[in-house]
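Hi there,

Here is the structure I promised to pass on. Have a look at it first, and my notes follow below.

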Amino acid sequence: MNRKYLKQAPYALLVVLLTILFVYPFWWMVVNSLNSSAEIFGVPKLLPTSWAFSNYHDIFTVQPFARHYLNTLAVAFVGTAGNVLLAALAGYAFARMRFPLRNAAFLLLLTALMMPIEVTIIPLFFQMQRWGALDTLVPLMLLPIFGSQGAFSTFMLRQFYVTVPNELEEAARIDGLNPLGIFLKIMLPIAVPVLSSVAILAFIAVWNTYLEPLVFISSLENFTLPLSLTNFNDTYGLPQWHLQLAATTLSILPIMVVYLLFQQKVSDAMVNTGLK
Amino acid sequence: MKQHSLKANHRRDAIIGWAFITPQMAGFVFFVLLPLISVFLYSVQEKNLLFGTSVFNGLENFRLLFADPLFSKSLVNTLIFSAGVVPLNLIFSLLLALYLGGGKMGTRFVRGIIFLPVVTSGVAWAIVWKYLLQGGDAGPINWFLSLVGIEGPNWLFEKGWAMASVIINRVMKNLGMNVLIFMGAVLNMPGDVIEAAHIDGAKRFTLFFKIKLPLLMPTVMMVAIVTIIGSMRVFDTIKLMTDGGPEGSTMVMVYYIYHQAFRMFDTGFASALAVVLFLIVLVLTALQWFSRKRISFYES
């Protein structure tokens, strides 16, 4: 009995160590988001000292944080919806339709998987300038629809549609559905598990995007959360630590909720991205 | 008559097929293909963002680039960063995957928590770690170190320590991803082979190096390349934690591209930098495809 527990000891120790390493930063962030600026440093606290819930009120007054939050939601929802819809259309066609240059077009699209945005960001900047889309949310909404995220979703959906049996389409055709009808009434509903996976991934990716808003956005009212978080300074340019931590906590909340609700789905889908 | 309708059918199929893929393909052209062609064109121009000038100047940007000590510095820093991130990430994620793969109690919990930073934004993760790594006795990390009698450095503001800090930050951020990939590979290892080795009396050490590691090698190769590519592209961690400093000791390639293009407005020169980054990623991706071909060869 004793030996059995002894054998478990190193494992238990490892679990405790990993928990501290990976949970403590988040814990520290939440605790100090409820502290005053002066209470943040020094002896680390396990619980907030002053329970300054006012921090969560003040972040909305020192800069248009609500606006930044809404901007991010808008970008994430439009980007995700567009990404999933266009990827489903293209993925379905690549998997099940016969048309000239199909394979060539698909291979070409796959090259987007490896294209780092850091390489194309300068031409994209000039293109947005020509389109008058600089300092708007438009490029932030469009980029996740296409680019590597779009190619990835298309790839995943094609892989799924290849496995769908022919009978489904034939039955629908006999019922007199046109190709768009077949897609909307049959092919979209049966792909919901894959669609939700790629949607979760696209949403997380858009929510966390930093370089694109940094390059494309200049006015305060068009900031998204990653820019907003780095902008908590007082009038003298000194960082307002407690507010920055409160804002950071609020900013990762939706992703954490999605992750905790769909843990298996999220991690499986992300592992698939890693394997692409 | 029949042939005519067949032809019409083909034509109809072609139109419908292309109608379905055109939105995606058009986006691809405007957001991937044309920008890629443009970055090559810009790299042979004297192009300034502020003045709006674009004049062809041949390979001048590349000549300047290879004579630029900051470029070689950024390249070396990127390689140092990769040389830190990749082995640490691979070793820890492989060991964790092997250790956790046995389906012990709490495995799900551990998988859950080490994956938290993967879904967290790099910005939030960097902000929190910037606090944790505050110098003197202000930061929590140094406070913990002082408990065991170590006087921690001013992590983000001392040469060497700054690079170590961003490396560790990055390893912790992405560790969970590779752990999960390796756990999948561990589960797919043929149980009978390992069982047989057990029966033959193979020690743990031998079992790992002679049996398990070779079986996992294709996955290790692929994960290694993906991790290298990822570390070549590092930006937000650097920008937010050290801003390239101190004294440029953490200035990596993407940071330098950003700096030259959007702070110095020298978009021609920055495009030449971007072309170099593209070629590096291209070679690595080619390696990845090659190694994947070998994996499928093993499987079949």
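To start, which domains does the domain assignment give for chain B? There are two entries: domain 1 covers 2–42, and domain 2 covers 61–299. Between the C-alpha centres of domain 1 and domain 2 of chain B there is a distance of 38 Å.

Please keep in mind that this is a predicted model. Its scores are ipTM 0.91 and pTM 0.91. For chain B the average pLDDT is 89, with 95% of the residues scoring at least 70. Within that chain, helix α12 (residues 253–262) of chain B has the highest confidence, at a mean of 96, while helix α9 (residues 191–199) of chain B has the lowest, at 81. One stretch to treat with care is residues 296–300 of chain B, where the pLDDT is below 50. Beyond near neighbours in sequence, that stretch has one contact in the model. Where pLDDT is low, the predicted coordinates should not be read in detail.

Now to where the chains meet. Chain A puts 69 residues into the contact and chain B puts in 65 residues. On the side of chain A that touches chain B, helix α1 (residues 2–32) of chain A gives the most, with 10 residues. By type, this side of chain A divides into 51 nonpolar, 15 polar and three charged residues.

One more helix to look at is α10 (residues 192–208) of chain A. Its 17 residues reach 24 Å from the first C-alpha to the last, close to the 24 Å expected at 1.5 Å a residue. Of those 17 residues of α10(A), 13 are buried, so the helix is largely enclosed by the rest of the structure.

Best wishes

Technical notes:
Residues are numbered from 1 along each chain as its sequence is written. Chains are lettered from A and ligands numbered from 1 in the order in which they are written. This is a predicted model: local features need pLDDT of at least 70, side-chain atom pairs count only at pLDDT 80 or more; totals for chains, interfaces and linings use all residues. pLDDT is the predictor's confidence in each residue, from 0 to 100. Helices (H or I, at least four residues) and strands (E, at least two) are DSSP runs, numbered from the N terminus. Two residues are in contact if their C-beta atoms, placed from the backbone, lie within 7 Å. The expected span of a helix is 1.5 Å times one less than its number of residues. A residue is buried if 20 or more other C-beta atoms lie within 10 Å of its own, exposed if 12 or fewer, and partly exposed in between; C-beta atoms are placed from the backbone. Domain bounds come from an automatic or database domain assignment. Ala, Val, Leu, Ile, Met, Phe, Trp, Tyr, Cys and Pro count as nonpolar, Asp, Glu, Lys and Arg as charged, and the others, Gly among them, as polar.
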